[in-house]
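Reader: Please take a close look at one part of this model. I want the pocket and the ligand, with cut-offs.

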Amino acid sequence: MIPPAFDYARPSSVDEAVRTLAGAGDEAKVLAGGQSLLPLMRLRLAYPELVVDVGRIPELRGVREDGDTLVIGAMTTHHDVIADPLVRRHAGLLAAATATVADPAVRHRGTLGGSLAHADPAADLPAVVLALDGELVAQGPGGRRTIPARGFFVDFLQSALAPDELLVEVRIPKADGWGFHYEKFHRVAQAYAIVGVAALVRRDNGQIAETRIGLTNMGATPLRASAAEHALSGAGDPDAVARAADSAAEGTRPARDTAASPEYRAHLARVLTKRAVLAAAGMG
Ligand code: FAD
């Protein structure tokens, strides 16, 4: 199918992009890698009157350090995130999870910012950025604002971004000294997760001192497994981890679809949390 007719703008700076969005109201859509937006337009599930292509704005790409924080431009592709030495050194969880996204063709076009702005609970990176306690920086007509990942994912395919705001960068606190692992359960290679679990673990004297767990596809938004995070504190062996992981699905409302029932997703969340935490803690 072909999309309905639309106007097209290709700004060359963030300021120009924001001015263009502000002038178009609700009728404009930002185009990043196009891996989610273009299929939706072809299926006529999205029909923007104006497409604002931000693919030629150099300041939106790349990774830099800002003290204890990694700053990743919204238009940095999945491929470039995986290959970046700073990401691999300070946010290995993000590199590892991004490597499970789709296939090389999608990873060369799709962007970190596009994946987060799309706010699909089945996508891998929202739960990962949530576990990493990331922050998202948006620029609109009133200037810049920083939104914690915990407040960014509002509902199914709905983020806290206003229609005239551009996501410009993602700020990730360096996770040096944390073990990490991403467990993704899918039926076929390169597919979306039926359930995914992102785990970060900090150990102290052989015991788990702190855990952060992000859940993919366990509700309308990515979620933190807060009950399991709490229960894992002080766990010192695989049996204790398994007992704590039993609370991984607490407070979630997973969907029923052709891939799985809510009960099966809850079961997966418990099993994958146990595996991800054991791997992240080096107890596997
Ligand atoms: P686009 O499609 O260009 O945009 C997506 C949405 O975000 C649009 O609404 C757009 O307006 C908005 N947007 C984009 N950038 C900005 C910005 N800077 N500011 C404001 N709004 C913005 N993802 C996974 O996580 N795991 C998978 O296994 C997976 N498998 C896939 C398989 C296939 C075959 C395909 C086509 C996609 C798959 N994806 C998967 C999705 C992929 O990761 C996309 O890259 C991602 O969802 C969207 O990124 P994009 O850069 O292409 O954004």
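Author: β2, α2 (37-42), α7, α8 (124-131), β9 (158-159) and β10 each supply at least two residues of the lining of the largest pocket. Helices (H or I, at least four residues) and strands (E, at least two) are DSSP runs, numbered from the N terminus. A pocket is an open set of points on a 1 Å grid over the protein atoms alone, where a 1.4 Å probe fits, with protein on both sides within 12 Å along at least five of seven lines; lining residues have an atom within 4 Å of a point.

This is a predicted model: local features need pLDDT of at least 70, side-chain atom pairs count only at pLDDT 80 or more, and totals for chains, interfaces and linings use all residues. Residues are numbered from 1 along each chain as its sequence is written, and side-chain values use heavy atoms, without hydrogens and water.

α7 gives the most to the lining, with 5 residues. The volume of the largest pocket is about 1,100 Å³. Its lining counts 45 residues, and Ser36, Gly114, Ser115, Ala117 and His118 are the closest to the centre.

The ligand sits in this largest pocket, meaning that more than half of its atoms lie within 2 Å of the grid points. Two or more shell residues come from each of β2 (28-31), α7 (112-118) and β10 (166-173). α7 has the largest share of the shell, 4 residues. Around the ligand there are 29 residues (a heavy atom within 4 Å). Val30, Gln35, Leu37, Thr111 and Asp124 come nearest.

Now the polar contacts (N or O pairs within 3.5 Å). A polar backbone atom of Gly34 is 2.8 Å from a ligand oxygen. For Ala191, a backbone N or O atom lies 3.3 Å from an oxygen of the ligand. Tyr192 places a polar side-chain atom 2.9 Å from a ligand nitrogen. On its own, the ligand has 970 Å² of accessible area, and the protein covers 89% of that (Shrake-Rupley method, 1.4 Å probe).

Notes. Polar contact = N/O pair within 3.5 Å; in protein donor to acceptor, adjacent residues only side chain to side chain. Points joined across faces, edges and corners; volume = space filled by probe spheres on them.
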